[in-house]
Amino acid sequence: MADFGGTDLEAFRAETRAWLAENYPESLNAPMGEDDAPWGGRKFVWKNPDAKLWLDRMAAKGWTAPMWPKEYGGGGLSKDENKVLEQELRRIRARPALMSFGVWMLGPVLLEYATEEQKQKFIPSIIRGETRWCQGYSEPGAGSDLAALQTKCEDKGDHFLINGQKVWTSYADQADWIFCLVRTDTSKKHEGISFVLFDMTTPGVEARPIKLISGSSPFCETFFDNVKVPKDQMVGKLNGGWDIAKRLLQYERQNISASGFGGGGGLDLVEVAKKEIGVDDQGRIDDGDLRARIAAHRMDAHAFMLTVRRAEAESKASKGPSAAVSIIKYAAAKMNQERYELMVEAMGLQGLGWEGEGFAKDELAVTRGWLRSKGNSIEGGTSEVNLNVVAKRVLGLLDHQ
Ligand SMILES: Cc1cc2nc3c(=O)[nH]c(=O)nc-3n(C[C@H](O)[C@H](O)[C@H](O)COP(=O)(O)OP(=O)(O)OC[C@H]3O[C@@H](n4cnc5c(N)ncnc54)[C@H](O)[C@@H]3O)c2cc1C
């Protein structure tokens with residue numbers, strides 16, 4: 001019989017449980033609102049000092065990036081230990097210590113592609129939540145066809161000079177640094193792209209927020225006007241950025257989907273439906289059709305979360321995510337949009353509020369969350385594009401098929 005290191009793992013579980021009992025701040029037991037999301041970074045204002053304390057404690061153990069190497073500040077956990085940590089965090093319903101594009105997207109590719117100096121310089125501050133990153137990929141003429149990007153990066157001898165525009169850059173106005181795709185050769189498409197990192201306070205960088213249908217402004221148009229970037233901030237080879245860009249997208253699709261987009265605005269769909277619609281003599285939602293659709297959705301959502309966990313375990317056991325994460329991204333978007341549709345339907349008129357008296361805070365959060373969920377099938381690659389990836393790279397179909 002295989003040895004799974006059971007005794008050691010049980011000891012690790014006991015230690016972890018004791019550590020969490022000692023270190024998880026009690027005030028974080030309340031549900032996390034959208035404004036409580038712990039993004040970290042230089043500009044971040046911590047509403048609750050305990051959330052910062054939780055970040056600092058988790059970061060000191062390297063548990064904001066539990067499986068990254070200890071030499072850069074990571075937790076150095078094995079995949080089995082990480083699974084135990086995740087289970088223990090779920091058991092106490094712990095809030096995330098850190099939400100971070102650095103952890104979800106950039107860090108994994110730095111570990112694969114960056115020089116030793118770059119790893120030392122950038123990874124520890126990601127783990128500690130000190131630097132908030134944004135993603136400079138999309139441009140007005142380059143979204144699904146990302147390799148059509150035109151932001152120009154010229155070699156000026158002792159530095160690079162960047163001119164151009166990005167769009168839909170999430171939290172560019174809040175971020176400290178950007179990981180950015182730039183064109184370094186106009187004679188080739190994919191082989192003319194490079195991957196650079198720079199500080200958002202560099203002269204010539206400007207981020208202008210764009211208002212979303214939900215009323216918030218989570219993303220920006222980002223302009224670069226003669227931005228000077230030190231040459232040691234290019235990751236990988238000159239004109240070798242496309243492979244890094246694609247790899248990062250796989251991590252992005254895996255990580256933003258793994259949470260199922262966190263849908264539902266914190267409300268329980270069944271409880272909402274029971275309250276708004278009423279219950280029959282058996283205590284069930286008093287609308288057979290809606291009840292059946294909610295039951296089907298809950299079964300799908302449960303199966304989806306189990307599939308995500310299996311895919312995560314498989315990707316940790318192999319060399320990171322594969323093109324199959326496009327299946328998960330596609331399904332996660334569909335699932336979240338469906339959950340919000342059902343929630344708004346169950347809430348009836350209470351699901352149609354925008355502001356003002358007559359609507360509770362969590363009801364308004366559902367309406368806005370429902371509008372925000374429209375973007376789930378666009379961000380991180382549209383559903384159509386993810387289906388193309390599945391057809392080509394997972395099923396091996398040719399273009400004309
Ligand atoms: C909430 C949100 C956050 C985002 N955050 C960021 C960010 O931080 N950084 C960043 O760089 N970008 C970000 N984006 C941009 C996102 O990556 C792009 O919107 C997305 O890649 C689609 O590009 P596009 O908007 O140019 O649409 P287009 O590429 O113009 O697509 C328009 C339509 O055509 C379809 N289509 C295009 N090509 C094909 C094809 N080959 N086959 C079938 N259908 C096709 C698409 O599915 C879509 O329905 C964000 C977007 C959203 C909604």
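## The second largest pocket

Start with helix H8, which gives the second largest pocket the largest share of its lining, 8 residues. Keep in mind that this is a predicted model. Helix H8 spans 288–317, and helix H6 (241–258) and helix H9 (325–347) join it in each supplying at least two lining residues.

The pocket has a volume of about 310 Å³. Its lining runs to 17 residues, and the ones nearest the centre are Thr307, Ala311, Ala324, Val325 and Ile328.

## Around the ligand

Now over to the ligand, which has 16 residues around it; Ser138, Ser144, Trp168, Thr382 and Glu384 come nearest. Strand E3 (159–170) and helix H11 (383–394) each put at least two residues into this shell, and E3 gives the most, with 3.

## Polar contacts and burial

Which residue has a side-chain N or O atom 2.7 Å from an oxygen atom of the ligand? That's Thr382. On the nitrogen side, the backbone does the work: an N or O atom in the backbone of Gln135 sits 2.8 Å from a ligand nitrogen, and a polar backbone atom of Trp168 is 3.0 Å from a nitrogen atom of the ligand. As for cover, the ligand taken alone exposes 980 Å², and the protein buries 66% of that.

Note on methods
Residues numbered from 1 in each chain as written. Predicted model: local features only at pLDDT ≥ 70, side-chain atom pairs only at ≥ 80, totals over all residues. Heavy atoms only, no water. 1 Å grid on protein atoms, 1.4 Å probe; cavity = no way out; pocket = protein on both sides within 12 Å on 5 of 7 lines; lining within 4 Å. Points joined across faces, edges and corners; volume = space filled by probe spheres on them. Helix = DSSP H or I, 4+ residues; strand = E, 2+ residues; numbered from the N terminus. Near = heavy atom within 4 Å. Polar contact = N/O pair within 3.5 Å; in protein donor to acceptor, adjacent residues only side chain to side chain. Areas by Shrake-Rupley, 256 points an atom, 1.4 Å probe, with all protein chains shown as cover.
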